[in-house]
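Thanks for making the time this morning. I would like to walk you through one structure, a few parts at a time, so please have it open as I speak.

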Amino acid sequence: MPEFLFQRVALIGIGLIGSSLARVMEREKIAAEIIVSTRSENTLKRAEELGLGSRYYLDAGDAVEGADLVIVCVPVGASEAVAKQIAPRLKKGAIVTDVGSVKKAVIAAMRPHIPQDVYFIAGHPIAGTEYSGPDSGFASLFDGRWCILTPEAGEDATALDKLVEFWKACGSTVEVMDAEHHDLVLAVVSHLPHIIAYNIVGTADDLETVTKSEVIKYSASGFRDFTRLAASDPIMWRDVCLNNKDAILEMLSRFSEDLSALQRAIRWSDGDALHQLFTRTRGIRRDLIDAGQETSEPNFGRQHENGEPAQ
């Protein structure tokens with residue numbers, strides 16, 4: 001018999017992250033029992049058809065009964081409602097965490113409702129695709145990816161160590177940081193790029209002088225990559241914007257200033273300024289590859305339908 005890290009893990013929400021966690025926990029034998037809960041009957045039925053759990057519940061309170069680890073995998077705007085629902089049913093000594101890409105707002109929403117004899121450690125696995133739902137998950141989603149944990153001051157070290165061990169077992173590299181700092185960092189590296197992508201794709205869709213068919217027909221790789229970001233879950237990104245408002249607005253302000261400077265360089269044909277900017281930013285790409293966060297393969301390692309690397 002394998003020695004499981006947790007006897008019973010409850011997943012509240014079974015979209016991309018939740019279903020990927022279910023798959024990797026099964027693959028790595030991390031939990032003896034995986035409990036799945038979601039409010040949608042159809043989604044819960046599909047999760048059961050896929051064999052993602054041991055038991056399945058529409059009521060999150062029923063799902064967390066007796067669980068050693070509870071992972072809340074819902075849009076951040078729903079975090080407080082889930083916390084209220086599960087709080088009375090959490091067992092003493094359980095660990096509760098989440099996977100949202102905003103941390104200050106989630107902590108403020110959930111912590112007041114979590115009993116004092118339950119450990120609450122907010123978390124964020126930085127991994128994902130533009131797909132959602134229980135069919136979208138895969139066990140290797142977290143391999144080599146960062147997971148950031150943002151425990152509050154004085155949080156139990158043993159509980160934190162066990163959660164770190166959990167994410168490492170799922171394939172992640174774990175970093176611990178302050179929630180406010182997390183939100184600022186993610187506003188730069190994730191939230192702002194998604195907002196810009198939504199805006200650029202929306203602008204292209206609104207152009208009267210260019211038809212939608214032409215946008216699709218002649219799309220170069222740059223626009224295609226923007227559409228991948230802009231295809232992400234709209235509910236999730238609505239909640240991110242509403243719950244990380246200050247950091248996102250600060251980054252948008254800085255972006256607007258830099259965009260104005262770029263606009264001036266183009267207007268006044270300042271080739272030196274343009275070359276300097278494009279050279280500096282090119283180095284960021286190399287740093288990403290060196291850090292193992294991206295591939296240097298042609299076309300980001302995408303494959304043609306015949307399985308050959310795309311050029």
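This is a predicted model: local features need pLDDT of at least 70, side-chain atom pairs count only at pLDDT 80 or more; totals for chains, interfaces and linings use all residues.

Let me begin with helix α10, residues 234–243, in which W237, D239 and V240 are buried, where buried means under 20% relative accessible area, exposed means over 50%, and partly exposed lies in between, all with a 1.4 Å probe and protein chains only. These three residues sit on the same side of α10 because they cover an arc of only 160 degrees around the axis, the arc being that of the directions from the helix axis to the C-beta atoms. On the face turned away from that buried side, α10 carries the exposed residues P234 and L242. When I name helices (H or I, at least four residues) and strands (E, at least two), I mean DSSP runs, numbered from the N terminus.

Residues are numbered from 1 along each chain as its sequence is written, and side-chain values use heavy atoms, with hydrogens and water left out.

Next comes strand β5, residues 95–98. Which of its residues are buried on each side? On one side they are I95 and T97, and on the other V96 and D98, so that both faces are covered; in a regular strand the side chains alternate between the two faces of the sheet. Strand β4, residues 69–72, pairs with β5 in the parallel sense over four bridges, where pairing requires that DSSP finds at least two bridges between two strands, and V72 stands opposite D98 in β5. Strand β6, residues 119–120, also runs parallel to β5 and is joined to it by two bridges, with V96 standing opposite F120.

Finally, two residues in loops deserve a look. K29, which is not a glycine, has a positive phi near 55 degrees and lies in the loop between α1 (16–28) and β2 (31–37); at 41% relative accessibility, K29 counts as partly exposed. S269 likewise is not a glycine and has a positive phi of about 55 degrees, and its place is the loop between α11 and α12 (271–290). At 62% relative accessibility, S269 counts as exposed.
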